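User: I'd like to go through this one and ask where the labels come from. Can you take me through it?

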Amino acid sequence: MHRWKIPVSSLWTKISENILAPSELSGGQIIAMLTPAGRSSELRRHAASVIMARVQLIAGLFAILVPLCAIIDLLVFDLHTAANLIGLRILSAAIFVALAWPREASLTRPYAQALAALLVLLLVPSLFHLLSADMLAKASETQAQRLVAQLYAYLPTVVLGGLAIFPLTALEALLLALPVIGLSVGSAVLTEQTLTLAQYGGTLWFMLMMLGVAMFSGMSQCHYMATLVVKAMHDPLTAAYTRQSGEEALKLIYRLNHMSGKPLTLAFIDLDRFKSINDSFGHEAGDRCLRALADNVRAGLRRSDILIRWGGEEFVAVLPDTPLDNVATLLLRLRQTGLGLRPDSLPLTASIGIANSHEEGVINWEVLIQRADLRMYAAKQEGRDSVVWPDGSCLRLTPGSD
Ligand SMILES: Nc1nc2c(ncn2[C@@H]2O[C@H](COP(=O)(O)OP(=O)(O)OP(=O)(O)O)[C@@H](O)[C@H]2O)c(=O)[nH]1
């Protein structure tokens, strides 16, 4: 008997560990599921590519299925009605083909581009229903015709359910659903002389239920995606971008700055004599130094800047739209706050190479990073704890050491 007794506290611990804990959400994460405002650009870009890929897949599928369903129109309706429906189908299929057509993501506004494509995808079936509703109501005399007309009237509801496959925040799902619901009400007004709640209330309720489910699914996808993207793109030790995701971001930032003629500056940062910290104080202490360096550099960066962990103890600060004068401000701030402390309480020092995209001969991001790297080595040659500028001049970093 005794063996079957499960203490309430241990049961609760099990429930909270296994069921509640995985879904524990912070206030910020909940807000991020409700509205897209404040999303990082990397997350927006990722969400845009997921939404666009799904829009293209569904549009491609519909581009085939919609014309195929003309067979039903021909079998069920009179020739005149069927011909009108087929006309609408050809028009819809053409829009679906255009949506499915492979295209490059917009460099500057990929998220707006993806949402616009999604809106068009949602509107086509709803407009099909709006334009055919009156014609179908008049042409429906037999049981089969009424049944097919009724099924077409479900199109806006199906569209709202379809929202569930997209990683949308609650606000976005709601805003995208409004025109669909509006077109459905419009279709009902067109076909009924007087639209009553008793006639239309059930459909409206059903649509709102579908929207609720879609919102829930979209929000949980947003959360899942955000967690995965942050994990995949950032180095777990320092929370800086990984080399791979950092290179992708750098490529993109270089192109954007190049297009707009703005100066992009890189600071290649390499901790000095880091091996000796590992050797004397152990790897754990070395890790703490890396974290301190990343935290201190990040504290001086703007929201649009990014920090990449380029290699073991090498970091690259990417500073978009930044002329060299402004870099001096960042370095001055770093000079004041310092890079952190070594385990022996001496200040951590680093050698830094600066490169700017407006320099002569910088034709791509690879050249830019090469120059910053070479200048970082020059800073090592200069005795470490210093910054080497594009003109070859050298500045000591730790105050009093120059
Ligand atoms: N603790 C820790 N050490 C790392 C990590 N990644 C690389 N390292 C160590 O970083 C050290 C880099 O040493 P070196 O390339 O000789 O450079 P250094 O000692 O900083 O000398 P200089 O760059 O010439 O000033 C090596 O001992 C690596 O093992 C890490 O994630 N954690």
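Analyst: Here is how the labels follow from the values. It's a predicted model, with local features needing pLDDT of at least 70, side-chain atom pairs counting only at pLDDT 80 or more, and totals for chains, interfaces and linings using all residues. Residues are numbered from 1 along each chain as its sequence is written.

User: Why is H6 called roughly antiparallel to H8?

Analyst: Helix H6 (residues 110-139) and helix H8 (residues 155-162) pack at about 170°, axes 9 Å apart. Angles run from 0 to 180 degrees between N-to-C directions, with axes fitted to C-alpha atoms over the stretch in contact. Under 35 degrees is roughly parallel, over 145 roughly antiparallel, 65 to 115 roughly perpendicular, and the rest oblique. So H6 is roughly antiparallel to H8.

User: What makes residues of H6 and H8 meet?

Analyst: Contact takes C-beta atoms, placed from the backbone, within 7 Å. In H6, Leu-122, Pro-125, Ser-126, Phe-128 and His-129 meet Leu-155, Pro-156 and Val-159 of H8. By class, that contact has 6 nonpolar, 2 polar and no charged residues.

User: How do you know what residues 197-216 are, helix or strand?

Analyst: Helices are DSSP runs (H or I, at least four residues), and strands are E runs of at least two. Residues 197-216 come out 100% helix and 0% strand, with end C-alpha atoms 27 Å apart. UniProt's unreviewed entry lists 197-216 among its "transmembrane region" spans, though such annotations may be inferred rather than shown by experiment.

User: Which domains does the assignment give?

Analyst: Domain 1 (26-233) and domain 2 (243-396), with C-alpha centres 47 Å apart. Their contact takes 4 residues from each domain.

Methods:
Domains from an automatic or database assignment. Contact = placed C-beta atoms within 7 Å. Nonpolar A, V, L, I, M, F, W, Y, C, P; charged D, E, K, R; others polar.
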